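I opened this notebook to keep track of what I looked up. The entries follow the order in which I went through the model.

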Amino acid sequence: MCGPADFEALQTSITRLTALCAAGVTAYAVYRAVSFYRERRLKRHNQEKRTTGDLLPRFAVQASSERSNS
Amino acid sequence: MLDYVRRILVERHVVDLNMTRRKEAALCAAIGGGGALVFLFAFPRGAISTLMHEVLHLPGPGAGIALIFGPFLALVALTSFLSSRGKGGSLIAALTFGLSYALVVWLFRIPTNPKGAFGSILFVAAVALFGLAVESVMALARAFNQPWRCLLAGAVANVVLLVFYWLAIFPRTAGWVKWKDIPLLLGVCLVGGLVPGYIAWTVSRRFPRTLAHEQKE
């Protein structure tokens, strides 16, 4: 009823499953690394934007006060 | 006639043919097709049977369905359900799984275990029934929160698949299951269905729902 035992097929199956698991783990690691890198770049970009945004009005105020003094 | 049916289905929102829905359907079909290829690659003929009966010494028929095939299918169906917001994701994935499995086996003349009738019409029917069971449980068990629904859907769909195999496929290919083996196999089947439910839920939490975000926008 169960059919003949095929240990070679079982061994092949285990090898392939291991390979698939390794590929999955590698793909997940790459995905995490890419998302981490992207997040960091976005954070840096936002920080730069904020710094420029903070400085611009200060420069504008400084320039106008210098103009009024002169 | 076909146009009339299509119009009725779309008007009554039974079938929503907008772009996101199509994308979701394509994603579910891709998960199903990919799952079939992975299953074919990972389990060559005789591997499941040998593992179940020679290594684990489980009684048959049905141990391979309860512990390997059903859980794998549950993982495919639940992952596609959770990666799409609309209804019918798991049914699409299950149907694509069955059809692509049958197509690849027929095209490349891949030998499969005749006991499981893999690639036959009954096999496709069993897989479709599995998708329908997942879909029904996920729709009916709204009282539970999502992880419990996933666990329940995996377990119920696995039992439905095993019972279908016992009643419709194994009597033609391997013989009737013995009464004394049923409790053990059903227990194995329930546990085998719970595990992929949990895995699918964990996986869906880890990966963002790209299509769901698009739908929100």
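I began with Arg109(B), which lies in the loop between α5 and α6 of chain B. Helices here are DSSP runs of H or I with at least four residues, strands are runs of E with at least two, and both are numbered from the N terminus. I noted that this is a predicted model, where local features need pLDDT of at least 70, side-chain atom pairs count only at pLDDT 80 or more, and totals for chains, interfaces and linings use all residues. Residues are numbered from 1 along each chain as its sequence is written, and chains are lettered from A and ligands numbered from 1 in the order in which they are written.

Arg109(B) is not a glycine, yet its phi is positive, about 50 degrees. Is Arg109(B) buried or exposed? It is exposed, because 6 other C-beta atoms lie within 10 Å. The cut-offs: buried means 20 or more other C-beta atoms within 10 Å of the residue's own, exposed means 12 or fewer, and partly exposed is in between, with C-beta atoms placed from the backbone.

Ala117(B) lies in the loop between α5 and α6 of chain B as well. Its phi is positive too, near 50 degrees. Ala117(B) has 20 C-beta neighbours inside 10 Å, so it counts as buried.

**Helix α6 of chain B**

I checked the length next. The 20 residues of α6(B), at 1.5 Å a residue, should span 28 Å, and the end C-alpha atoms are 28 Å apart, so the two agree. The expected span is 1.5 Å times one less than the number of residues.

I then listed buried residues of α6(B), among them Phe123(B), Phe130(B), Gly131(B), Glu135(B) and Met138(B). Which helices do the buried residues of α6(B) pack against? They pack against α4, α5 and α7 of chain B.

**The largest nonpolar core**

A nonpolar core is a set of buried Ala, Val, Leu, Ile, Met, Phe, Trp, Tyr and Cys residues joined through C-beta atoms within 7 Å. The largest one has 60 residues, and Leu73(B), Ala77(B), Phe130(B), Val134(B) and Ala157(B) touch the most other members. Elements giving two or more residues to this core include α2 (19–42), α5 (89–108) and α8 (182–206) of chain B. Its largest share, 13 residues, comes from α4(B).

Leaving aside neighbours within four places in sequence, its contacts include Ala74(B), Phe130(B), Val137(B) and Gly193(B). A contact means C-beta atoms, placed from the backbone, within 7 Å.

**Helix α3 and the partner chain**

In α3 of chain B (residues 47–55), I found Ala47(B), Ile48(B), Ser49(B), Thr50(B), Leu51(B) and Met52(B) buried. His57(B) follows α3(B) and has a positive phi, near 55 degrees.

Ser13(A) sits in helix α1 (residues 7–69) of chain A. Ser13(A) counts as buried because it has 22 C-beta neighbours inside 10 Å. Not counting residues up to four places away in sequence, it touches Ala42(B), Phe43(B), Pro44(B) and Ala47(B). The contact takes 13 residues from chain A and 19 residues from chain B.

**Confidence**

Chain B averages a pLDDT of 87, and 86% of the residues score at least 70. pLDDT is the predictor's confidence in each residue, from 0 to 100. I also noted ipTM 0.77 and pTM 0.80 for the model.

Terms used. Two residues are in contact if their C-beta atoms, placed from the backbone, lie within 7 Å.
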